[in-house]
Amino acid sequence: MRYNGTNNRQFSGFPPVPEPLPAPPEAVWEGIRRGMKRKDFWRVKGKVLATALLCASATALFFAVNSGRETPQPAGTAALAPSTTPDTLQNVPTLTEISEATTVSQQSAATHPATAAALSETAQTKVTGETTVIQVTETVSETPMPLKETPIPSAVPADKNPERNVKTTATEREQKPSDNQTPSPEPSESVLASFPSAFTPNGDGLNDTYRPVLSGEVTQYLLRIYNRKNQLVFQTTHPEESWDGNYRGTVQPHGAYLFILQYTTEKGEKKTEKGEFLLLRD
Amino acid sequence: MAMSDEYLLEGCLKHDNSCREALYRKYSKDLYQYALRYASNSEEADDVLQEAFLLIFERIGQFRKEGDLLNWMRTVVIRAALTQYRRNIRQWRRELPLSEENPEVWEEVAEMPYNQVDYQTLLHLIQELPDGYRMIFNLCEVEGYSYQEAAEMLQCSQATCRSQLMRAKSKLRKKIKELYDEV
């Protein structure tokens, strides 16, 4: 049936319409938004199913490799996930003092937790014998803080509980392994992505959805969220889209989830962030 | 902060949710008036509007860019309203489909006394009309579709459209007069 309003006349017989026009109830928009989310989800899902499988197996490999590199720590540290770098990085706040005193801050975008993260990670790798770390640990010893490297790994488990309100900046985390050689100064205006450490999809209007926050413009964006079973529970290419804690209509359980974000900044830099966050339910 | 139609159109074609929402915020009030006129109450109008926008976002690729976006969206609302009308007939048997009838006497409906009531009241009176009358009245009298086009949309004959329109106008006129005389 084809009709396109062949007579688009404005009907002037009616009395004047009241100004301002009454708006439809907000529930209408909610219904539209949900409906489109469903349709978009299935459209995207159809396209990237193969890529998702590939990513899932890469993630499994990632976890397997990292758990092999794990330093010997008290059992209490491994609560959240297969112990990996992201896990220990959540203990960041304890190392804030160290970060303030070191000159390693030039390596990062100068956020304290991140710099401390650098240290904890490099300290980690130090224990496993990688030599690239030496430069950093020397810097640490120069600080007035009476701390040696060895206490650092043990300090890490002491503050095991992840600070739920801490926003960890993942950019520096990712760059640390490659920056071990030379503390090259970071371009000051690079896009930073910050990731909430948890969200509570309980409908109270507060942190009901999960979404990374970008500090700049991106030309490409791909966010994927995996659950503990390595199922891809959410994927989007739109920076404004957030995850509501559902997968295929079922609410996801309380626990840890992995995010992988790939984006390209306006300058053409491609970045990848990985990390964990918590879905908290009452 | 009104964004241009071209910008919003581009965004919607890329399935961008913020552009979709901006398009909705910009035109939903206008289109809601359309939906209210076609539906029999505001709840039904909400459904029609929601259905219409889902169709709009899904099929925005079919919109020819030379045309006027708002007019195209209005036709989508009409399409959604027709779907609702057919659903009403099928599910709720609210109104028998416009049946083939021999028009008895075509009542000469001269001037329609629209200006004797305000807009909201007129809207309510239109909503109170039986579904078939309301549809034909909206399509032919207000939108200006020809009897042939309306017959195609409503799946009836042109003669039925003509007679039903006369009756719809007559009934509406009577309703307005009753209200006016009460005052």
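Predicted model: local features only at pLDDT ≥ 70, side-chain atom pairs only at ≥ 80, totals over all residues.
Residues are numbered from 1 along each chain as its sequence is written, and chains are lettered from A and ligands numbered from 1 in the order in which they are written.

**View 1. Chain A as a whole.**
Chain A has 7 helices and 10 strands. Helices (H or I, at least four residues) and strands (E, at least two) are DSSP runs, numbered from the N terminus. Of its 282 residues, 27% count as buried. A buried residue has 20 or more other C-beta atoms within 10 Å of its own; an exposed one has 12 or fewer, and a partly exposed one falls in between, with C-beta atoms placed from the backbone. Among contacts in chain A with a separation of 6 or more, 65% link residues 24 or more positions apart. Two residues are in contact if their C-beta atoms, placed from the backbone, lie within 7 Å.

**View 2. The contact of chain A with chain B.**

**View 3. A helix of chain A crosses a helix of chain B.**
Two packed helices are described by the angle between their axes and the distance between the axes. Helix H1 (residues 26-68) of chain A and helix H3 (residues 42-58) of chain B have axes that come within 9 Å and cross at roughly 35 degrees. Axes are lines fitted to C-alpha atoms, for helices over the stretch in contact, and angles run from 0 to 180 degrees between N-to-C directions. The crossing of H1(A) and H3(B) is right-handed: the near helix is turned clockwise from the far one by less than a right angle. H1(A) contributes Val28(A), Gly31(A), Ile32(A), Gly35(A), Met36(A) and Lys39(A). From H3(B) come Asp46(B), Leu49(B), Gln50(B), Phe53(B), Leu54(B), Phe57(B) and Glu58(B). The residues of this contact divide into 7 nonpolar, 3 polar and 3 charged.

**View 4. A bent helix in chain B.**
Helix H2 (residues 17-38) of chain B bends by about 55 degrees at Ser28(B). The bend is the angle between axes fitted to the seven residues ending there and the seven starting there. Ser28(B) is buried. Other buried residues of H2(B) include Arg20(B), Leu23(B), Tyr24(B) and Leu31(B).

**View 5. An open sheet in chain A.**
The sheet has 5 strands in the order S3-S10-S9-S5-S6, with mixed pairing. Two strands pair if DSSP finds at least two bridges between them. Strand S3 (198-199) and strand S6 (232-236) are the edges, each pairing on one side only. S3(A) pairs in the parallel sense with strand S10 (residues 270-279) over 2 bridges. Phe199(A) has Leu279(A) as its bridge partner in S10(A). H1(A) lies across strand S5 (218-226), S6 and strand S9 (255-265), at about 120 degrees to S6(A).

**View 6. The antiparallel pairs of S5(A).**
S5(A) and S9(A) run antiparallel, joined by 8 bridges. Tyr221(A) stands opposite Tyr263(A) in S9(A). S5(A) also pairs with S6(A) in the antiparallel sense, over 4 bridges. In S6(A), Gln235(A) is the bridge partner of Arg224(A), and Leu232(A) that of Tyr226(A). The hairpin of S5(A) and S6(A) has 5 residues between the strands, and Asn230(A) takes a positive phi near 60 degrees there. S6(A) is largely enclosed by the rest of the structure, because 4 of its 5 residues are buried.

**View 7. Positive phi in two loops.**
Most residues other than glycine have a negative phi. Arg248(A), not a glycine, has a positive phi of about 55 degrees. Arg248(A) lies in the loop between strand S7 (246-247) and strand S8 (250-251) of chain A. Arg248(A) counts as exposed, because it has 9 C-beta neighbours inside 10 Å. Gln155(B) has a positive phi near 60 degrees. Gln155(B) sits in the loop between H7 and helix H8 (158-182) of chain B. With 13 C-beta neighbours inside 10 Å, Gln155(B) counts as partly exposed.

**View 8. The segment after S10(A).**
Asp282(A) lies in the segment after S10 of chain A. Asp282(A) counts as exposed, with 5 C-beta neighbours inside 10 Å. Asp282(A) and Thr200(A) are 82 residues apart in sequence and 8.6 Å apart in space, C-alpha to C-alpha.

Definitions and conventions: Nonpolar A, V, L, I, M, F, W, Y, C, P; charged D, E, K, R; others polar.
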